[in-house]
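These are my notes from looking through one structure. I kept them in the order in which I looked things up.

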Amino acid sequence: MSPIPTDRLLIRNAEVVVTMDDDRQELPNGDILIENGKIVAVGQGLPRDAVEVVDATGCVVTPGLVNTHHHLFQTLTRAVPAAQDAALFGWLKTLYPIWARMRPEDIRLSAEIGLAELAMSGCTCSSDHLYMFPNGARLDDSIEAAQRIGIRFTATRGAMSIGESKGGLPPDALVEDEAAILKDSARVVEAFHDPREGAMVQVALAPCSPFSVSRELMRDAAILARDKGVRLHTHLAENDEDIRYSLENFGMLPGDYAESLGWTGDDVWHAHCVKLSGDEIDLFARTGTGVAHCPCSNARLASGIAPVRQMRDAGVPVGLGVDGSASNDSSHLGLEARQAMLVARLRDGPAALGAREALEIATLGGARVLGRRDIGALKPGMQADLVLWDVSELPTAGQWDPVAALIFCAPLRPRAVYVGGRAVVRDHRLTTADPRDLRIRAGQAVARLAG
């Protein structure tokens, strides 16, 4: 199924429209006029001569949420018993053998499930870091799933090239030849990357991590990405083991290692960065290097709490990432925003991160991290990616501030989600896939993967 386009759409009478524009305006009783997938007006009492008029009474309308880090293939390995209480490296070693059994159809199904879950949490744009390709799987599989679900997609061509026999973490069966990695990276960029405004699919290059690829691959991927005009992504400074590995093998901290290989700049974003030093934060701020903050995953694996307040104060671009479903076990971006606010306060005090700033990180912040200037705010000229959050229901009963309630209260189900003016969620229901069918297929896949 695919969403039905609406050429001229009016969202009217929202309790509040949270614009995330330059002045961070919040408009009570607000309207939004959309034509051909783009916002043409935001205000009050706009003319009602649209093809479709949607009554947003009782709703807060925000820009669509943006997810900057995921491993969608992991959706079929949630809550695996042997990995439930492990730290990062042990967790990976437990799951690698299961992932090695996945087929192309598993990659497609896991991506459909994860992206459907994201859409139903208010996400209109997601990245995905696919770094292993067992049994003939390709990046094409997850891109196909994204096209079915109907949200914007930054597909990152990940890779692992150093297996256990060469001192790396992954089993040799899951690593690839580096020449083949670079060849396929060029192929997927040529086949799928759309650099235009309003793009539904973009591609980035993403060697998995400093402990699973060589220096040469990191450097060559950066050269290729800049030659092709695409972005770069990897994991960095996720936990103490990560820092220790970097010092022992490279003689420097992860941020310095990244810089030495060309992996800083406004076309680069790193996942986690829990253990960045003050000097590394300054480096990222100077260079415009982005960070995907993944608070649920970092808590799940006891990696730590990223210094988001310090990053934001320094000027580092920060977005949110739900991370892989095997280390978060959820693809709910609203929950991620709430967790980001809570753990920032646990680390740096009650004023460390407010609800509105958490919402900004989840929308405008994520768009900046992914290099998207056409989404993340509700103002004329932007893509019509937006969410209607119903604040008239029981989970927000008694609230005094409907915008803050989106973050402080229990994570809400959107009444509607629009991507380019197309309804991907309507009346709390996904319009592009059948959740019951996805659940049935997931159960069958898990039974096979579990042997």
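At what angle do the axes of helix α2 and helix α14 cross? I found that the axes of α2 (residues 104-119) and α14 (residues 435-449) come within 10 Å and cross at roughly 135 degrees.

Before going on, I noted the ground rules. This is a predicted model, in which local features need pLDDT of at least 70 and side-chain atom pairs count only at pLDDT 80 or more, while totals for chains, interfaces and linings use all residues. Residues are numbered from 1 along each chain as its sequence is written, and side-chain values use heavy atoms, with hydrogens and water left out.

**Entry: α2 and α14**

I checked what stands behind the angle: axes are lines fitted to C-alpha atoms, for helices over the stretch in contact, and angles run from 0 to 180 degrees between N-to-C directions. Helices (H or I, at least four residues) and strands (E, at least two) are DSSP runs, numbered from the N terminus. I recorded the crossing of α2 and α14 as left-handed, a term used if the near helix is turned anticlockwise from the far one by less than a right angle, with right-handed used if clockwise.

I then listed the residues in contact (heavy atoms within 4.5 Å). From α2 they are D106, L109, E112, I113 and A116, and from α14 they are L438, R441, A442, A445, R448 and L449. By class I have seven nonpolar, no polar and four charged residues in the contact of α2 with α14. For these classes, Ala, Val, Leu, Ile, Met, Phe, Trp, Tyr, Cys and Pro count as nonpolar, Asp, Glu, Lys and Arg as charged, and the others, Gly among them, as polar.

**Entry: α3 and its partners**

I looked next at α2 against α3, which pack at about 35 degrees with their axes 8 Å apart. The crossing of α2 past α3 is right-handed. On the α2 side I noted P104, I107, R108, A111, E112, L115 and A116, which meet D141, S142, E144, A145, A146, R148 and I149 of α3. This contact of α2 with α3 divides into eight nonpolar, one polar and five charged residues.

How far apart are the axes of α3 and α4? I have them 11 Å apart, with helix α3 (residues 139-149) and helix α4 (residues 178-192) packing at an angle of about 25 degrees. The two helices are therefore roughly parallel to each other. The crossing of α3 past α4 is right-handed. Here L139, D140 and I143 in α3 meet R187, V188 and F192 in α4, and I counted four nonpolar, no polar and two charged residues in this contact of α3 with α4.

**Entry: the loop between β13 and α11**

I turned to the loop between β13 (318-320) and α11 (333-348), where V322 lies. Is V322 buried or exposed? V322 counts as buried, at 0% relative accessibility; buried means under 20% relative accessible area, exposed over 50%, and partly exposed in between (1.4 Å probe, protein chains only).

D323 is in the loop between β13 and α11. I noted a phi near 65 degrees for D323, a positive value in a residue other than glycine. D323 counts as buried at 3% relative accessibility.

S325 lies in the loop between β13 and α11 and is buried, with a relative accessible area of 0%. Which side chain does the side chain of S325 contact? I found a polar contact with the side chain of T75, at 3.5 Å. A polar contact is a pair of N or O atoms within 3.5 Å; within protein, one must be able to donate a hydrogen and the other to accept it, and residues adjacent in sequence count only if both atoms are side-chain atoms. Leaving aside neighbours within four places in sequence, I found S325 in contact with residues including H70, T75 and S331.

C273 sits in the loop between β11 (268-272) and α8 (278-287). I read a phi near 55 degrees for C273, positive in a residue other than glycine, and C273 is buried at 0% relative accessible area.

Q202 is in strand β9 (residues 201-207) and counts as buried at 10% relative accessibility. I noted that the side chain of Q202 reaches the backbone oxygen of D194 at 2.9 Å.

Notes:
Parallel < 35°, antiparallel > 145°, perpendicular 65-115°, else oblique.
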